[in-house]
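Hi everyone, thanks for coming. I'll talk you through the structure on the screen, one piece at a time. Have a look at it first.

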Amino acid sequence: MSGLLEVEGLQVWFDLDRGRELHAVQGVSFSLEPGERLGLVGESGCGKTTTVLGLLGLLPPSASVAGSVRLNGVDILAGGEQTIRPHRWVDLAIVFQGAMNALNPVKTVGSQIVEALELHGLARGRDARLRTGELLESVGIPEARVDRFPHEFSGGMRQRAAIAMALACNPSVLVADEPTTALDVMVQAQILELLDSLCRDFGLALLLVTHDLPVVAELCDRAAVMYAGEIVEHGPVDALYHEPRHPYTRLLFAATPDLYGEGVPASIPGAPPRLDLPLTGCPFHTRCDRAFARCPQERPLLRELERGRSAACHLNDVVAEVV
Amino acid sequence: MSGSNGAGPLIAVEDLVVRYAVARGLLATISRKPQHFVHAVEGVSFTVSRGELVALVGESGCGKTTTAQAILRLVEPVSGRIAFDGGDITALHSRALRPLRRRMQLIYQDPYESLDPRLSVRAAVEEPLLIHRLGGSRTERRERVREALSRVELSPPELFLERYPHELSGGQRQRVAIAASIVLGPDLLVADEPVSMLDVSVRAGVLNLLDRLREDGLGILMITHDLSTAARFADRIAVMYLGRIVEEGPAQSVVRDPQHPYTKALLSVVPRRDPRKRSRPEILSGEAPDAVRIPSGCRFHPRCPITIADCREIDPALEPAGAGTGHKAACIRV
């Protein structure tokens with residue numbers, strides 16, 4: 001199977017002082033087809049943002065990256081910056097949480113997009129301005145606002161402008177890192193609707209990085225749940241909610257309040273393990289409500305349970321033996 | 001303070017109005033350009049009783065935080081009345097307020113900023129006692145600190161007393177901040193987005209803690225933009241839009257039987273956990289106008305999906321609506 005984007009065994013280490021290392025991403029694999037929407041979900045420190053920065057080659061020099069990132073079958077990670085640069089923004093574009101940081105405050109929104117188009121040799125002068133107007137219209141910003149500065153835009157408009165800029169080179173994959181986290185719920189709904197239509201109408205593949213399970217449930221087809229630097233469960237969003245195969249997935253949903261849900265949300269006791277120390281056993285076993293003798297001993301590997309579903313939990317072996 | 005009877009509501013806000021002057025440049029001032037105001041809160045009334053958690057919900061800029069600050073007398077209202085435990089505190093000057101400050105405490109959003117990084121947990125929780133000259137002797141104070149830590153479920157307290165904020169997780173920090181608020185034995189807690197900076201897996205723990213404090217008899221006013229949290233943890237919900245409460249009532253009535261078109265729209269866009277229950281969102285276009293130029297009539301009419309000509313003229317009052325008792329909405333079409 002050759003997908004549009006295939007990430008395999010991605011690992012990221014950060015150098016700490018005194019020769020110590022922090023193993024932030026510990027072998028993450030997933031793939032993405034055109035028009036598909038995958039959620040990468042997890043709590044702070046789980047490695048979700050490091051994963052996407054790693055695959056885009058945007059990590060600081062203190063990070064070492066291993067694994068492969070194949071775009072249409074070609075490994076773009078193999079040659080480092082040299083092989084990534086031709087594809088960054090062109091095939092793989094990213095939108096960050098605080099759109100204010102993505103936009104230059106002293107340049108008009110339009111001129112920044114024109115600049116991106118010219119830099120990549122996609123259009124010049126009048127053509128670039130026309131294309132900028134189209135791009136802004138496509139994300140719901142009236143063309144008349146091309147010459148406005150970022151501070152004259154509301155938070156939602158800035159996020160739309162950042163999306164328009166990410167779309168400038170007509171990428172096939174859009175990575176959105178917490179794109180609605182700082183926004184109000186109504187503006188969040190507007191942005192989610194926009195992302196939904198971009199995937200639907202233009203076949204854009206979306207990799208949505210977020211801590212917010214309901215947002216993933218709303219927008220994505222599949223999701224990968226990350227914990228302590230690895231994917232612990234991966235599958236269709238419907239299956240993750242209704243038949244989770246990893247206790248962390250189940251407990252994370254149970255901790256999330258729902259508008260009409262019954263019962264009181266329960267927190268997950270304890271904290272994730274430190275990633276600068278070697279891990280033994282399952283990284284979740286100290287917080288798990290179903291841990292058994294094998295869990296502190298042996299680290300479970302992510303394995304396919306059925307087509308399109310995988311989990312890294314020893315319980316799935318136990319169940320298989322019983323059944 | 002007189003009139004403390006313990007029977008009426010703990011806090012009663014009536015027709016509260018708060019405005020901020022928009023900064024004018026020197027030229028605008030000497031040329032006597034008209035002064036503009038941000039109409040942050042425009043006639044808000046509600047109560048919080050003992051043992052009750054009231055959620056003030058709304059989008060940023062709706063005036064929910066300003067309302068909370070006015071109650072704590074951190075900003076001065078233009079008009080209106082704030083009664084605490086039966087006594088009018090609207091005009092009390094700072095010295096008269098001091099004994100009241102002990103009884104109304106604020107919990108901030110960000111426990112990474114609200115705790116002094118140089119203070120140990122013990123010192124942070126003890127500090128309010130020293131400021132208010134409470135708790136008697138050193139041993140007594142230590143005992144109260146220990147008690148407060150147990151109440152926020154940081155137990156055994158000995159494990160936490162000598163730690164510093166950087167050695168604690170986000171959830172533990174927020175618990176320390178709550179301990180420092182309840183060590184004075186307050187009657188009212190005002191919690192401004194108390195869990196929005198925390199990870200999902202620890203949020204529920206902090207919210208359940210607030211719920212237990214409420215059961216113990218504290219009145220809690222929680223400011224939040226998260227309707228799912230309000231639906232689960234509040235007794236009553238007040239929905240604000242552009243400085244007004246547009247709907248108010250028992251949490252379950254407001255969530256399951258919303259009356260105001262703004263509340264309906266807000267609820268419709270809240271993402272659900274279950275992908276099978278994907279919302280059919282009723283997305284309002286644009287964003288709330290800024291609070292300097294409030295629309296005429298009903299302030300929601302420019303974005304309202306069911307607006308009629310009268311809405312441009314009539315500024316609707318908050319009136320009984322829906323089937324639930326104590327459920328009110330401000331809309332002429334309800």
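Helix 6 of chain A passes helix 7 of chain A in a right-handed crossing. Keep in mind that this is a predicted model. For our pair, helix 6 (residues 155–166) of chain A and helix 7 of chain A, the axes come within 10 Å and cross at roughly 20°. Angles under 35 degrees count as roughly parallel, so helix 6 and helix 7 of chain A are roughly parallel to each other.

Which residues make the contact? From helix 6 of chain A we have Gly155(A), Gly156(A), Gln159(A), Arg160(A) and Ile163(A), and from helix 7 of chain A come Val187(A), Gln190(A), Ile191(A) and Leu194(A). Sorted by class, that contact has four nonpolar residues, four polar and one charged.

Now hop over to chain B for another helix pair. Helix 5 (residues 121–131) of chain B and helix 6 (residues 138–151) of chain B have axes that come within 9 Å and cross at roughly 115°. This crossing is right-handed. On the helix 5 side of chain B you'll find Arg122(B), Val125(B), Glu126(B) and Leu129(B), and they meet Arg141(B), Arg144(B), Val145(B), Ala148(B) and Leu149(B) of helix 6 of chain B. This contact divides into five nonpolar residues, no polar ones and four charged.

Okay, domains. Chain A is assigned domain 1 (5–91 + 172–191 + 198–276) and domain 2 (102–170). Their C-alpha centres lie 27 Å apart. Where they touch, domain 1 of chain A gives nine residues and domain 2 of chain A gives six. The domain 1 side has eight nonpolar residues, one polar and no charged.

Next, how do the two chains meet? 34 residues of chain A are in contact with 33 residues of chain B. On the chain A side, helix 7, helix 8 (213–219), helix 9 (237–242) and helix 10 (247–255) each supply at least two residues. Helix 7 of chain A has the largest share here, with six residues. By class, the chain A side has 20 nonpolar, eight polar and six charged residues.

Last topic: sheets. In chain A, four strands form an open antiparallel sheet in the order 2-1-4-5.

Chain B has an open antiparallel sheet of four strands in the order 2-1-4-5. Its edge strands are strand 2 (37–48) and strand 5 (87–88) of chain B. Five bridges join strand 1 (residues 11–21) of chain B to strand 4 (residues 79–84) of chain B, and these two run antiparallel. Helix 2 (residues 64–71) of chain B lies across strand 1, strand 2 and strand 4 of chain B, at about 115° to strand 1 of chain B.

Methods: Residues are numbered from 1 along each chain as its sequence is written. Chains are lettered from A and ligands numbered from 1 in the order in which they are written. This is a predicted model: local features need pLDDT of at least 70, side-chain atom pairs count only at pLDDT 80 or more; totals for chains, interfaces and linings use all residues. Axes are lines fitted to C-alpha atoms, for helices over the stretch in contact, and angles run from 0 to 180 degrees between N-to-C directions. A crossing is left-handed if the near helix is turned anticlockwise from the far one by less than a right angle, and right-handed if clockwise. Two residues are in contact if their C-beta atoms, placed from the backbone, lie within 7 Å. Ala, Val, Leu, Ile, Met, Phe, Trp, Tyr, Cys and Pro count as nonpolar, Asp, Glu, Lys and Arg as charged, and the others, Gly among them, as polar. Domain bounds come from an automatic or database domain assignment. Two strands pair if DSSP finds at least two bridges between them. Angles under 35 degrees count as roughly parallel, over 145 as roughly antiparallel, 65 to 115 as roughly perpendicular and the rest as oblique.
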